[in-house]
Amino acid sequence: MSEKNLKNTKETVDYGWRFQGKPILCHEDRSTLVDESTYQMHMALSQMSREFYYLERCMQCGMCTETCPNTKLDRQDKFSPREFIQKLRLGLLDLSGEDLWLCTNCGNCEMICPFEIPFVEVMISLRNLVVEQGAGYLPATLKNSISSMATYHNPWMENPDNRNAWLGGFDLSEHEDEDLPKILLFMGCFPSYDNDAKRIAKSALQLLHNSSINFETLGNKEVCCGDSSFRSGDYEGFEKLKRINTDNFIEKGIKDIYTLSPHCFDVMSKRYFEDDEYCVKPFLLLLHELIINNKLIFTKSINKRITFHDPCFLCKHNQIIEEPRRILKSIPGAEFIEMEHSGQKSMCCGGGGGGIFLDRKKGERLSEIRLEEAIEIKADVVVTACPLCLSMLADSAKNDDRYKNIEVKDICEFVLEAI
Amino acid sequence: MKKTESKSQVCPPSDKPTENDSNESINLIEDVKNLPPWFQRDFNLSKKDQELLRGYLDNLDDEEIINLYYQLREAKEIRNDRYFYPNMQILFGTPFEREKDRREQRIWAEKYEAENEVIQWYKDAREKSCVWWVENHIIARHCLNSCMSCGACSALCPAAEFFDYNPRIIMETVQEKDEQLLVDLLKSDTIWYCYQCGSCKAKCPRKNNPFGMITSLRQLSQIKGYHVHSIRGRQQYAARHFWGGNLWNRACTLYFRNVESETHKDFGPRFEAYDKARDDFFTRVGACPDSEGVLSGRKVHPETLDEVRKLWQMGGALYMWELIEEAAKNQAQEWGMTIDEYHDKVSREG
Amino acid sequence: MSQQRVLIVGGGVTGLRAALTLDDFGIKTTILEKTSQLGGKVTGYSKVFPDFRDGKKIVCDLVDAVSNSAGIEIITESTINDVQKRSGHYAMTFTNDDVVDASAVILACGFETFDATKQGEYGYGVYPNVITSVELENFLDHQGPTKGKLLRPIDGNPAKRIAIIFCVGSRNKRIGNPYCSRICCSYSTKQAIEIKELDTETSVTCFYMDIRTYGRGFEEMYQYAQDIGVKYIRGRVSECSSLPNGDIQVRAENTLLGRPVQGTFDLVSLSVGMTPCKDAGKISQLFEIKQGHDGFFVAADEDIHPHSTTAEGVFIAGSVTGLKPIRDCLLDGASVAGEVASYLRKLNNK
Amino acid sequence: MNLPMDVFNHEQRESIWKRYVKEIPDNNYFLTLSCILGALYPGSESMVPKVYDLLGLDWNTNPSARSGWTCCSGIAYHGDIMPIEATLLTVARLWSIAQELGLDSVTMSCVTSFGIHCECKDLYEQEPGLKDKVDRLLRDSCGRKFEIPKYINHISDIYYHYRQELKNNHMKFQLLEEKTGRPLRVVDHVGCHYSKLFPEEHSLGGTDYCEVLSGMAQAWGGSSIDYPERRHCCGMGFRQCMISPNRGGTMSSVLKKMRSMAPFEPDLIVTNCPGCEVFLDKEQWAIYEVTGEKYFIPVITYQELAGLLLGWDPYETVGIQFHTVPVEPLLDKIGIPYDANSPWVNCSVPR
């Protein structure tokens with residue numbers, strides 16, 4: 001009895017009914033259905049992957065929606081994890097919309113959920129449906145980056161041979177001391193190619209030298225860690241990248257791996273190695289170590305109000321919160337203040353889960369909200385520790401006068417300034 | 001009285017037409033036939049004609065325009081032994097009638113503005129808060145005991161099926177008793193979607209009456225002038241002149257000539273045929289199109305009309321129409337269009 | 001105090017439990033049961049929540065124990081006709097002309113299930129495929145008529161799509177039951193689980209207003225139901241109607257999405273609430289005890305003496321004092337026995 | 001598949017609607033007519049006095065030029081251009097006319113009017129002091145006084161009340177298919193403001209199993225059928241149907257009803273509400289043009305149904321020519337004679 005849409009509507013018919021100039025005929029029935037189709041849909045999903053099993057126990061309390069950064073944006077159609085789950089459970093899921101791609105995998109919902117529903121995992125496996133089976137809408141820009149990551153091993157179709165270009169002919173092997181232990185520095189795509197993020201790479205290099213630490217990189221052999229492709233649902237591409245990187249590591253034979261990007265760190269430590277023979281750490285921790293062991297000593301003082309934007313993949317996914325703060329607080333002259341959302345409750349910059357490859361129009365960017373918070377507390381510098389956060393925030397800060405008095409810096413370059 | 005045939009005597013023609021009386025009326029009918037092309041219904045009035053008509057009407061003073069209207073309208077001729085008023089059909093729904101109503105109603109309002117508690121109440125309500133209204137308005141105060149948000153009302157709501165509309169949420173908003181929320185609600189399209197069918201009332205397990213509450217909210221929205229903030233709210237101006245005009249001049253909310261095949265193509269070919277021979281059809285089934293009698297389409301007697309007009313003035317209808325008129329005027333000015341253009345826009349464009 | 005006797009009105013689980021406890025105290029009791037066999041409503045439940053024990057088993061154990069104890073006299077198929085209050089004890093004649101002289105009376109006459117035809121919108125009795133939870137219980141009973149199979153009453157085909165509608169006859173002012181029946185949420189959830197475990201391919205959809213699984217282990221049961229894929233839609237069902245083939249179309253609002261829902265089902269089960277037992281009025285007159293606005297009996301002091309009434313020597317227990325799950329009824333039986341015992345001791349010492 | 005007729009249990013249904021019965025007086029009716037019905041189906045209205053006279057009932061409408069009956073202003077109230085007070089006064093005036101004539105039972109042919117009259121009555125009960133206030137205002141404005149009438153009945157109630165007498169003593173036809181003798185399947189569409197506003201007090205059979213029309217249909221030989229959208233609004237919606245930008249909603253509602261009733265193969269739709277009559281009838285054409293779905297189920301008012309069965313002339317008296325959906329097929333089924341090439345049917349509709 002309930003055909004939702006009007007079939008074979010003759011647009012030619014016109015009774016002169018207009019609404020705001022648009023011709024009016026029958027309207028679509030908005031009521032949702034409980035019938036065979038929705039039942040099948042639900043069954044299919046629940047068999048598809050085990051995360052869906054957990055959705056069943058959601059009691060629709062709405063804490064996730066409250067905490068989801070997307071609801072802080074003033075968009076017309078607000079994204080609500082609660083409603084998303086409800087639709088999912090009732091087999092009313094509609095992947096043709098943008099909803100699926102609004103999630104930045106920041107993990108707020110998972111942390112607050114009283115039933116520990118792995119919402120992010122669910123999103124990823126749904127995205128996988130879309131990417132691999134074309135079951136729905138996939139933003140064009142993201143589509144490109146995904147395919148580029150699979151073929152060019154970086155999101156921007158850059159030439160893989162230019163990965164090392166940022167070094168500017170600087171030869172690492174000259175400055176090394178054979179009999180000290182070596183570490184491997186995994187650069188990641190952003191520090192290698194992105195103009196803002198290159199600063200991270202350069203300063204990291206400098207810092208390692210100052211503290212005379214032996215390190216190597218994979219050079220041009222390095223490929224994208226695959227975090228973004230995995231979180232955008234391209235499992236296949238991710239597996240490929242993973243294989244190449246792991247082979248490289250084995251070839252190098254260096255067990256201590258430090259990554260400049262928390263994303264690389266997260267995906268490698270969680271999805272790369274079964275055994276704990278290889279130990280992956282974020283570069284931030286190394287930096288922290290060096291500073292508290294006085295391998296790096298601050299000589300200059302920086303008289304600025306600084307604040308720290310926690311990258312989701314450090315503060316939420318890996319509970320690294322205190323280290324960066326200890327570093328920043330130990331910088332002479334610098335006055336450290338917290339933003340409204342900080343630590344575990346930090347707000348996402350919008351770059352995660354492939355979000356960085358979508359072009360959001362002004363006023364709909366999470367990074368802007370973040371900068372607003374920084375302005376509120378009158379900070380001069382927003383320090384962060386993630387190339388994605390850096391470029392997201394820097395992007396928004398640029399070409400917008402509201403934020404012209406705010407600098408966005410990575411913790412490495414900021415520390416370097418003080419030395 | 002028993003037999004149907006005797007019905008025509010129920011209201012005896014006040015006086016048999018004398019010679020000159022009928023002559024005069026005939027001339028008047030002729031006059032109307034010779035009225036300029038722009039003296040017609042809105043939907044076939046060109047921009048140029050509208051301006052002409054505007055100019056013409058603006059030059060008439062209240063007395064003239066009102067007298068002219070009634071001279072034309074009361075002109076009668078005899079048709080199958082009953083008085084017949086042919087000009088009504090030409091006058092209804094014209095900018096001319098609307099203009100005359102505006103002025104006549106203003107005069108009435110002033111004339112009977114004597115102490116009237118009803119109007120006074122609404123005048124005060126205008127100054128008071130929306131929360132005060134929902135707690136005190138005669139309709140609103142009986143409509144909401146306490147809502148447990150079960151959704152029984154929205155489940156059967158015909159509007160909720162097709163529009164972004166939900167009576168449950170309206171009731172919850174009212175229950176919040178938050179001034180700002182209420183104002184936003186009244187300025188939005190939401191309240192104007194309701195079909196007033198009452199399905200919600202019949203189903204509410206707490207004996208609430210959503211559709212009654214919505215009626216009350218709509219009244220409030222108009223009294224406060226918030227309705228012009230929303231597309232569907234502005235339509236009330238068309239309603240005011242369509243129903244209001246019919247009531248004021250013909251003592252019925254729908255005049256049998258209102259529904260014309262020209263404007264109701266969706267009613268199909270048979271309706272078109274019926275529309276062509278409307279008077280004929282009517283008389284043959286015993287109705288009284290624009291003529292003396294008691295059945296469908298009959299002309300309402302001036303005495304009766306006079307009574308109900310007094311009632312509507314007394315009951316605050318004129319005051320409300322005045323407010324709607326005023327709000328419309330300002331909105332039209334804001335948009336830089338004449339009141340007639342505004343009327344056309346809200347009634348046909350939305 | 002051996003000559004002392006206690007009359008227990010109602011041979012349900014409460015009454016039986018009370019009789020057994022009093023027997024342990026060495027107090028003689030008479031159980032008065034309206035129907036032909038002991039056990040009351042619980043006999044009809046194949047499984048009881050939250051531990052899915054066999055309700056019949058519980059009854060059997062109790063009845064065995066009762067029939068094995070000499071101190072308990074049983075009168076079935078009879079009700080009270082007349083009550084004479086003499087100093088400190090009651091002389092009662094029954095419809096079968098027996099006469100019992102008791103020092104104390106325990107009223108444990110239980111409840112009636114709501115007559116679903118009173119909520120016409122669900123079409124119980126009109127559409128064969130709309131049944132009550134009581135009938136569903138029979139469907140699910142392995143010794144029941146269908147040997148535990150779910151069939152469409154209209155054509156006997158297996159039912160694959162089940163809807164369970166909560167709060168039928170509860171929380172509804174319109175039909176005069178404003179109270180919550182407390183146990184429907186839980187027993188409906190239990191039934192949903194049974195259906196799902198019977199055949200995982202069956203789809204079960206529950207329409208609820210609020211889930212009130214308040215007891216120990218109840219909420220866990222609710223979660224388990226969700227885990228095994230029982231669908232819960234928040235919204236009160238407004239209407240059930242039948243399609244040509246007997247399918248039932250259900251209309252509600254999904255208040256968590258703010259949209260109307262329309263579902264088509266093979267079988268719709270109405271989770272009927274409870275009302276006071278039929279003769280509650282008569283009994284309250286006979287013993288001169290108070291009924292609450294909802295018709296259930298009121299204790300002298302709800303908090304400190306939940307069992308004693310305004311009439312001396314008359315005690316109330318089980319669901320006559322408000323609806324309870326089976327566990328609490330048994331508990332009530334035991335505790336009322338305690339109160340009665342101490343009352344009788346005081347009586348003796350006087 | 002089961003026959004559509006078998007999906008419900010008539011006895012039970014009876015026992016449910018019998019909970020909602022109201023007192024219907026036998027005689028002395030004050031008659032007020034409808035704006036919409038009069039505008040589009042004048043035949044239906046002209047037949048009411050005829051039927052009253054046929055049954056030899058005492059009735060009256062406006063006694064003098066001054067006391068002419070007017071519309072109840074219900075549409076204006078539900079269309080929100082009139083405060084309740086104005087409507088209360090308008091209705092009070094009609095009541096006072098009735099009392100002038102010594103009639104204590106008001107009957108109206110319009111369901112919106114019925115709703116409004118009931119609402120007024122209800123309001124007077126809920127609002128102590130309101131009666132005096134309105135009385136005073138009425139006296140001040142036109143020197144009338146009024147009492148709340150004993151009975152408020154829709155004319156369909158009266159028809160229902162006399163359904164057997166009409167059938168036994170006056171009707172020439174029944175709702176049976178001439179050839180087969182099969183009872184015709186009748187869909188009843190009761191106006192929302194009849195069945196939903198005051199089911200307990202004023203509607204015959206309540207909201208869910210409203211009896212007033214199906215009772216007539218069954219008494220006159222037909223069989224009433226139930227379908228999912230049966231109790232739902234036709235979408236007239238006052239401002240929705242009046243203002244063209246809102247018309248989509250009306251059409252959609254009718255479409256939904258049509259789709260829902262079609263599988264039950266109804267022979268005709270009977271309504272007691274002018275608005276519903278108009279849109280169920282007219283919109284079927286629009287739906288045909290827009291979606292290509294061709295239903296063309298004749299929609300007639302209970303007055304017309306009675307008129308036809310009484311053997312009155314389909315065109316001269318009943319006025320089936322006012323309908324967009326041709327009623328002639330129905331006449332063929334019942335076997336009511338009519339002049340196929342009469343000047344009335346001067347246009348062709350795809351059959």
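What share of the contacts in chain A with a separation of 6 or more comes from residues 24 or more positions apart? They account for 75%. Two residues are in contact if their C-beta atoms, placed from the backbone, lie within 7 Å.

## The model

This is a predicted model: local features need pLDDT of at least 70, side-chain atom pairs count only at pLDDT 80 or more, and totals for chains, interfaces and linings use all residues. Residues are numbered from 1 along each chain as its sequence is written, while chains are lettered from A and ligands numbered from 1 in the order in which they are written.

## Chain A

Chain A has 19 helices and 11 strands. These are DSSP runs, numbered from the N terminus: helices are H or I with at least four residues, strands E with at least two.

The radius of gyration of chain A, taken over C-alpha atoms, is 24 Å. Of the 419 residues, 45% are buried, that is, 20 or more other C-beta atoms lie within 10 Å of their own, with C-beta atoms placed from the backbone.

## Where chain A touches chain C

Chain A gives 17 residues to this contact and chain C gives 18 residues. On the side of chain A, the elements giving two or more residues are β3 (32-34), α1 (36-48) and α4 (81-89).

β3(A) also pairs with strand β15 (residues 259-265) of chain C, in the parallel sense, over three bridges. Pairing takes at least two bridges found by DSSP. Leu33(A) stands opposite Gln262(C) in β15(C).

Methods:
Rg over C-alpha atoms; globule rule 2.2 N^0.38 Å. Buried ≥ 20, exposed ≤ 12 C-beta atoms within 10 Å, placed from the backbone.
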